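Please look over the sequence and the model below before reading on. The paragraphs that follow lead you through a few parts of it, one after another.

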Amino acid sequence: MSLSLFWRAASWKAPQACRQVSTYVTKMRYLFELKEDDDVCRKAQSSGMFYLFHSLAPLLQMSGNRYLAPPFRASELERLLSKFGQDAQMIEHSVLIGCSDQREAWFALDLGLGNLCSSGCLQKSEMETELQGSFIELRKALFQLNEKDISLIFTAQALLRWHDCHQFCGKSGHPTQKNVAGSKRVCPSSKMIYYPQMSPVVITLVSDGTRCLLARQSSFPKGMYSALAGFCDVGETLEEAVRREVAEEVGLEVDSLQYSASQHWPFPNNSLMMACHATVGPGQTEIHVNSQELESAGWFSLEEVATALRRKGSPSSEQDGALPFWLPPKVAIAHQLIWEWVQKQSSSSNLA
């Protein structure tokens, strides 16, 4: 079908006269308004919900074997700040992180970043007692977070960190000013506008047709292997970054690649993970590990990977004292890549 015919068909399926504005569109338009209009956003703060952090660690409460991130209404937050001798004006340091379908705005506020506290930061232990929760480092709580909270907490920490690290203009050196939503910072002197940024990262699962290549860095938890990953260089396409990273880290040349999905990831510093599957030629599978990048890497069979995917919870030593090989948990896009590969291999085996 030609492009022109495609567009005519698409137009016939969804005629303008019958088009209705979806809840999603309404929600996105409202979020845009909150980001662009300080008065509208300030009004939304008075009836919004707030997620609390202390020095970039989210406030969490344990529920069963999962952590929940409890939100607080503006009135509750004002009462809390007043109890600890803080002005309600501190709420202005919050950042917009989303809204509900009913247009209830959600914000995040860090109570422990020194540069946000005009009269002394609130003490972590006192706040935890009052709030009946704990401020837990995100890396430590990541795999036990309730799924519905993950995206909000990721967004909140990324924005809070960005504002903490970008308070001065790179051109004039003068302080920048945050808009109410926290969607940008402006330098009154140079008129430069700064927007929160993400670092593009490619994460790639390499296969030789029957096996997949997994690797580990020394910073990984013991026994954990994952897909290859690395930052994109300036001027690179996604495809070029994948080819370079695979060549750099394991000394292999990619024959073909296929994009899978993307994910915002808060580590090490606000990354956009772009996930791909890649293949190498059957006669080009000898691994040469770059020891500056990786601790080890190897080829793993379908049976090994499928067994690792079935393991639940944290790894534990087997009878011989060895730690079993294990994979990133479901919250990580690396897990999705590996699961997709297993599904494809299993289907091919069944067809054979």
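The face of H2 turned away from its buried side carries Arg-29 and Phe-32, which are exposed (over 50% relative accessible area, with a 1.4 Å probe and protein chains only). This is a predicted model, in which local features need pLDDT of at least 70, side-chain atom pairs count only at pLDDT 80 or more, and totals for chains, interfaces and linings use all residues. Residues are numbered from 1 along each chain as its sequence is written, and side-chain values use heavy atoms, with hydrogens and water left out.

Helices (H or I, at least four residues) and strands (E, at least two) are DSSP runs numbered from the N terminus. Lys-27, Tyr-30, Leu-31 and Leu-34 of H2 are buried, that is, under 20% relative accessible area, with partly exposed lying in between. These four lie on the same side of H2, because they cover an arc of only 100° around the axis, judged by the directions from the helix axis to the C-beta atoms. Among the elements that cover them are helix H3 (38-47), strand S5 (95-99) and strand S6 (105-110).

Thr-176 lies in the loop between helix H7 (147-165) and strand S8 (177-178), and it counts as buried because its relative accessibility is 7%. Beyond its neighbours within four places in sequence, Thr-176 is in contact (heavy atoms within 4.5 Å) with residues including Phe-168, Arg-185 and Tyr-194.
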